[in-house]
Structures are given as C-alpha cells and as structure tokens.
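Have the viewer open as you read.

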Amino acid sequence: MRHKLVFPALIVILGFPPFSTLISAQAASSVKSKSSAALPLSASPKALRLMDRVWKLNSDEVEQEKGCVVLRKIVSIDPNFAVAHELLAQFSLDPAEQVSEQRKAVESKHFATPAEQLLVEWFQAAADHDLLPAISDMNELLGRYPHDRWVVMLANFWLTQETQYERAAEVFENSGLTSPGMLNNAAYTYAYMRQFDKAFALMEQYVAAMPKVSNPQDSYAEILRMAGHYNQAIVHYRAALAINPNFYMSQFGIADTYALMGQEARARQEYELGFHKFPMPALHQVQWRNREAFTYIWEGDLKGADQAFQSIADFAHSNKMGQVEADTYRQMAQYQPDPVRALGFLDKAETAIQLHENAMAIAVQQEEAQILRARVEVAVKQGDQESAKAALDKLNGLSQVSSDKLIATAYHAAAGALLFSQHKYTDAISHLEEDTDNPLSLRLLTAAYQKSGNLENAKHMGEVLASLNVPTLEQAMIVPAFRECIKNASCDAATVNASLK
C-alpha cells in the first residue's frame, strides 16, 4: 500500500489560472539550479539518526504506525524539532494528534532552519487552504533541494492528491531518486494515470529491492487490482502475508478484491477475519468497516448497508470523530431510494459536522461541501429544482471563498448534475469534466457526450467508467450496473435520465 498523508486538498481559486498552470509557472520561476544538497534538519544528533529509521518505516516499508512511534520518540527527545512535528501531523492515524502536531510544528518553527520553516509554512498554507503560498513554498523547496528524499516524497504525495499526476511524475523523474519508497510512490502515480506498464515495471524493481518486506507485494497487489487483474492481486496479497502474517493491510486488500469481484459473502468473511485477528487504529477500523458496508450495496441489500453504516456512525460518535460520523451519514443518504429518508440522513450529517471534534478546519469545510453536493443530487431525484438550486448556491458560495480542490470539485459535480437534469447537456459537460474520478459524474458525463453527439468522447468515458476498480461507495452504486448496461447495449442518455428520478 501507499501510506496516507493528511494533505489538505488545494485547487484553483475562481478567477485564477488553472492549478496545473500555476504549478508549472511557479516551478519554472523558482527552480534556480539543480543541487545535490540535502534539506538541512536542525535537531539533536540522536534525533537525526532516528530520522533514517522513520524514512525506512514510513517510505520504504510503509509501516505507518511503527514510523509514528519513532516520530513520537524523536519529538520527546527534541521537542523543538519542527519537521518531526510536521511529519507526525501528516503520518498520524489519530485525528486529534494530527491537529495538535500541526500546531506544534508551527509553534516550533522559529527553532528551525529557513528551509525547514519553508516546509512547515507549505503545509500550514495547505491547512489554511491558501493556494498561492502553498504552491510557492513547495516549488521553492523543490528548486533548492530537487534531490532531497523528504522534499521529493512530500511533493510527489501532495501533487498526486491534487490529481496533478503529470507534475508528480515529473518531480520523481527529475529527482533521480530510486530508493524503494520512491519506486513505490512513483508506481502509484503512473497507475493513477492508467500507465500500468510503467507502474508494473517499477513494482518489479520495488519487490526485487525488498524481497523480505511485505509492502512491495501489497503495493503490487493493489496496482494489479486497479488494472482489473484480480486473481494476480490476491496472489500478491497472500505473498505479503506469508512474509509478515501481521501485515493486516494485505488481509483487508484480499477482502477488497473479493468485493470488487462480486464475491460479497466471501469478502465479508475476509473482512471479519481481519477485524478479529488484528488490532488497529480507529481510522483504519473505519476505513475497512466502510468497505465491508459497501458489499451490501453491491448486493443490493440496502437494509444490510444501513445496519453496517449505522454501526460505523455510532463508533465514530463514541470516539469523538465528528467528521467521520458526518461522512458516514452522508454516504447513507447517497444510496437511499427514498429522497425523504436521504434528507434525514443529510440532516444528521450536518449536525455531526457542526461538532467537528478532532478535525482540521479544512476537513470540516470539505465535508460541508460533500453534504451540499448530496443535497443537490437528492433534490434532482425529487424533481425539486428550487431546493437543488438553493443548495447549489450555498455550495458555490463555499467554493468562492475557498481554494480547496474537493470543494471546487463538489460544486462542479453538483452543477453538472443539475444541468443534466434540465437537459442542458453542453453546459453540464463543462462542469462534469472537472470530476472525472467519481463514477457519479462519469456516468452523467458519458451520457451527456452521447446526447450532445460526441460519440467518441462518450465511448472513451464509458470505457474509463467501466474499468474503475477502486472499492468506493460510488463504484458500488454505479459501475456494476453500468457494466451490465454496456453488456446489454442499453447505456444511453435516456437510461441515465430515468435513473435520476
């Protein structure tokens, strides 16, 4: 697997140039000269020695929890080590720790070197969703330290999360770094661009470099699954568990794969095996409990899904995870056939997010945007154009004052859905094209291209939609049915229009 960082998502402020243009322009102006210099770290010798262990655990082996243990030791040794606080804020699987460590990174940055201060300011700007300073700080660091492992890794991750895959790949390629962790990161970047041949080649190198470590096998399995090679993926997941029986991510990877294969009962057996066998952080509990709940959607068992999701919401509430609780209720709303029931869940989501316990401000705003998007989509199903427009106006207002990518994408997706329902297909396309990673928008975009006579684009987007092999709620709701309608040659705009009712 690829470890998860807590990067707040950024994108263009309305009226500014596109995000990719800003990144390219800033990069060109900030890169002064290629240097082999390493990012200077101001910490005690003992703390600096431990940083090598953090790199090995978090980047090469992707033992995220173990890496956080070492980072906690580092900040106990050197409480003023700003970069260690920043890394702990990004790597931690504890929402409360993420918030507190980000604050400590900022508080201790005056003890740091100018370069370290720039790194902390980059992520604080990201947390404050302040687009231009974040881009400028990142590119300034890349310009000074284009071959430093920490700078390259963090930039690659941030850009990938921003879906700036080409730029993320460029950062990797220009770095010349071929450490195991960088091979892993780059392979995922190419996989997201659906350049699977490049991804597989890097995975072969990663596995060869670390034959006695589980994560290379696990990452290879996940990328194989993304490409639709399910059986090969399971072989590699089992190879990871053979190396380390406690590498629980591979156990859940097996469960995810069976779910995507349509073997939902078998998937639930594998999920439950993992839950009974392995202790894990609360965020990982939620992650895979969610995916277990998706299996009921694939089966069409909405009552089973309700029970599973309600259990997750109760868990999140008892653990003071307000954003997680809100997101769970929002997901419950999305698959409800009864719009009135869906609105009830969205009301619960809004109540939970107002508490926003142990969540960064940007995560709260992102969730608010997702709830508003869902309100637009529910209103469209009801045929309530007035309510849909009112929710869309609120979402537009949120996007106008934010530079966050997820918020902007939510607005475009909701606007596209409303315009599609009004049969304004050309207008809908311009919005839906901003959300091509989500099956809900891809389905509408495929039909809008078809209805507007752009059959080539309709065919391409249909192929992209049918090939999505990521275990998400939207995949479960849309992709299997879309594959079936392709099989029966019934995927036309009229079918999609009917499904919105």
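pLDDT is the predictor's confidence in each residue, from 0 to 100, and a contact means heavy atoms within 4.5 Å. Residues 4–34 stay under 50 in pLDDT, and the model has 93 contacts beyond four places in sequence for them. Where pLDDT is low, the predicted coordinates should not be read in detail. The protein as a whole averages a pLDDT of 89, and 90% of the residues score at least 70.

This is a predicted model, where local features need pLDDT of at least 70, side-chain atom pairs count only at 80 or more, and totals for chains, interfaces and linings use all residues. Numbering runs from 1 along each chain as its sequence is written, and side-chain values use heavy atoms, with hydrogens and water left out.

## The second largest pocket

On a 1 Å grid over the protein atoms alone, a pocket is an open set of points where a 1.4 Å probe fits, with protein on both sides within 12 Å along at least five of seven lines; lining residues have an atom within 4 Å of a point. The second largest pocket holds about 590 Å³ of space. It has 32 lining residues, and Gln334, Tyr335, Lys381, Met477 and Ile478 are the closest to its centre.

Helix 20 gives the largest share of this lining, six residues.

Helices here are DSSP runs (H or I, at least four residues), numbered from the N terminus.

Conventions: Grid points are joined across faces, edges and corners, and a volume is the space filled by probe spheres set on the points. Helices (H or I, at least four residues) and strands (E, at least two) are DSSP runs, numbered from the N terminus.
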